[in-house]
Amino acid sequence: MIIDTHAHITGPSELYEYFRGFTNVSGPAARALHHFAISDDYLESSIEGHLKEIDEVGTDLQLIVARPWAIPTAERRRPLVTAITEQLNDMISQCVRLHPDRFIGLGSLPQSPSLSPKDALEEMDRCVNELGFVGFKINPDPGEGGWEAPGMGNDYWYPIYEKLVELDVPALIHGGPFRFSREPELGYFCQEESVAGWSLMATPEVWRDFPRLKLIIGHGGGYIPYQYGRARAFRINGRRSDDTLWEPFEESLRRLYYDTVLFDQDALELMLKICGVDRCLFGSDRPANGSIVDPRTGRALNDVKSLIEAIPWLDDQDRRAIFEGNARLLYPRLNSGASR
Ligand SMILES: [Zn+2]
């Protein structure tokens with residue numbers, strides 16, 4: 001079975017026009033954000049192309065979450081961010097209800113510089129206990145570059161970590177919207193995901209306080225696997241004799257998980273060798289910009305399964321772990337659905 005742990009569903013464009021209408025006005029009108037109802041038929045027509053794309057590459061099951069740009073996290077009006085997040089989670093839930101054999105939901109969190117992580121807890125409970133979601137996506141930079149969010153090793157994030165552990169669900173750390181053109185999407189996502197990972201690996205207190213916390217760094221761990229050697233040098237240089245929580249960098253690296261949203265065999269091999277097969281989960285981010293056909297191979301760049309199948313040193317057990325087994329271990333609620 002092929003379980004794709006990294007995918008987004010957009011839904012109908014009218015949903016975003018509706019959100020935009022409210023975010024562009026201030027005063028009482030901006031508080032009147034009602035639920036935007038989407039008929040099953042209309043939602044079905046909007047995801048037809050998505051289903052076709054995942055069929056083409058042999059994906060059996062996808063963990064789906066709202067698009068990273070969908071929630072205006074830098075927005076300071078808390079009710080708007082909260083209402084938009086809830087409606088996007090509802091849209092994801094509706095997709096799962098329409099195709100329970102193909103989709104499983106991941107929740108988005110209401111995040112903003114104006115919202116505390118504690119403000120996300122109610123929605124986290126709703127997502128898991130009412131909507132049946134199996135995990136979450138966390139934006140490590142809700143200020144979109146314009147507010148210095150605490151690093152993910154900071155106890156600012158502890159309420160969310162406590163809730164993740166309590167619900168026994170993992171979270172995918174994934175960049176969100178961005179406002180500064182000096183750092184376009186390609187760089188921004190990987191940069192913020194790397195910043196989050198470095199912070200978590202540099203803060204052993206997080207793992208002492210939450211030994212069962214499960215966090216996945218999206219897009220192949222950002223730049224982390226590629227910078228492994230330099231990270232070891234920093235760690236060894238920084239060792240103090242009185243630091244009882246010090247550990248080799250390679251152990252810190254393996255406290256986190258990584259997905260395979262990389263689109264290149266050499267990059268995938270590097271990540272799998274550095275991080276370990278048992279820490280890597282299959283993810284394709286399909287459909288998205290990687291759906292473009294690679295002129296060198298004639299296949300879509302985000303046909304990641306074919307790239308993993310071509311890695312000569314992986315055996316069948318390794319491939320089964322990457323494609324399915326690791327996801328089932330990390331997402332225990334994945335195994336509770338009858339058709340899964
Ligand atoms: Zn993504």
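**Aromatic rings and a zinc site**

Analyst: In this predicted model, one aromatic cluster is formed by Tyr16, Tyr18, Phe19, Phe36 and Trp69.

User: How many aromatic pairs does the structure hold?

Analyst: Two rings count as a pair if their centres lie within 6.5 Å. Under that criterion, the number of aromatic pairs in the structure is 14.

User: Are the planes of Tyr158 and Phe210 stacked or edge-to-face?

Analyst: The ring centres of Tyr158 and Phe210 are 4.7 Å apart, and their planes stand at 90 degrees. Planes over 60 degrees apart count as edge-to-face. The pair of Tyr158 and Phe210 is therefore edge-to-face.

User: Is Tyr158 buried or exposed?

Analyst: A residue is buried if its relative accessible area is under 20%. Tyr158 has 15% relative accessibility, so Tyr158 counts as buried.

User: Which protein residues are the donors of the zinc ion?

Analyst: Each donor atom is an NE2, lying 2.0 to 2.1 Å from the zinc ion. In sequence the donor residues follow the spacing H-x1-H-x165-H. The donors are His6, His8 and His174.

User: How many residues apart are His8 and His174?

Analyst: His8 belongs to strand S1, whereas His174 lies in the loop between strand S5 and helix H7. The pair thus links distant parts of the chain, and the separation is 166 residues.

User: Over the ring of which residue does the charged end of Arg239 sit?

Analyst: The charged end of Arg239 is 3.9 Å from the centre of the ring in question. That ring belongs to Trp246.

Terms used:
Residues numbered from 1 in each chain as written. Predicted model: local features only at pLDDT ≥ 70, side-chain atom pairs only at ≥ 80, totals over all residues. Heavy atoms only, no water. Donors = N, O, S within 2.8 Å, 3.2 Å for Na, K, Ca; no water. Helix = DSSP H or I, 4+ residues; strand = E, 2+ residues; numbered from the N terminus. Phe/Tyr/Trp six-rings, centres within 6.5 Å; stacked < 30°, edge-to-face > 60°. Buried < 20%, exposed > 50% of the residue type's maximum accessible area, 1.4 Å probe, protein only. Lys NZ or Arg CZ within 6 Å of the ring centre and 35° of its normal.
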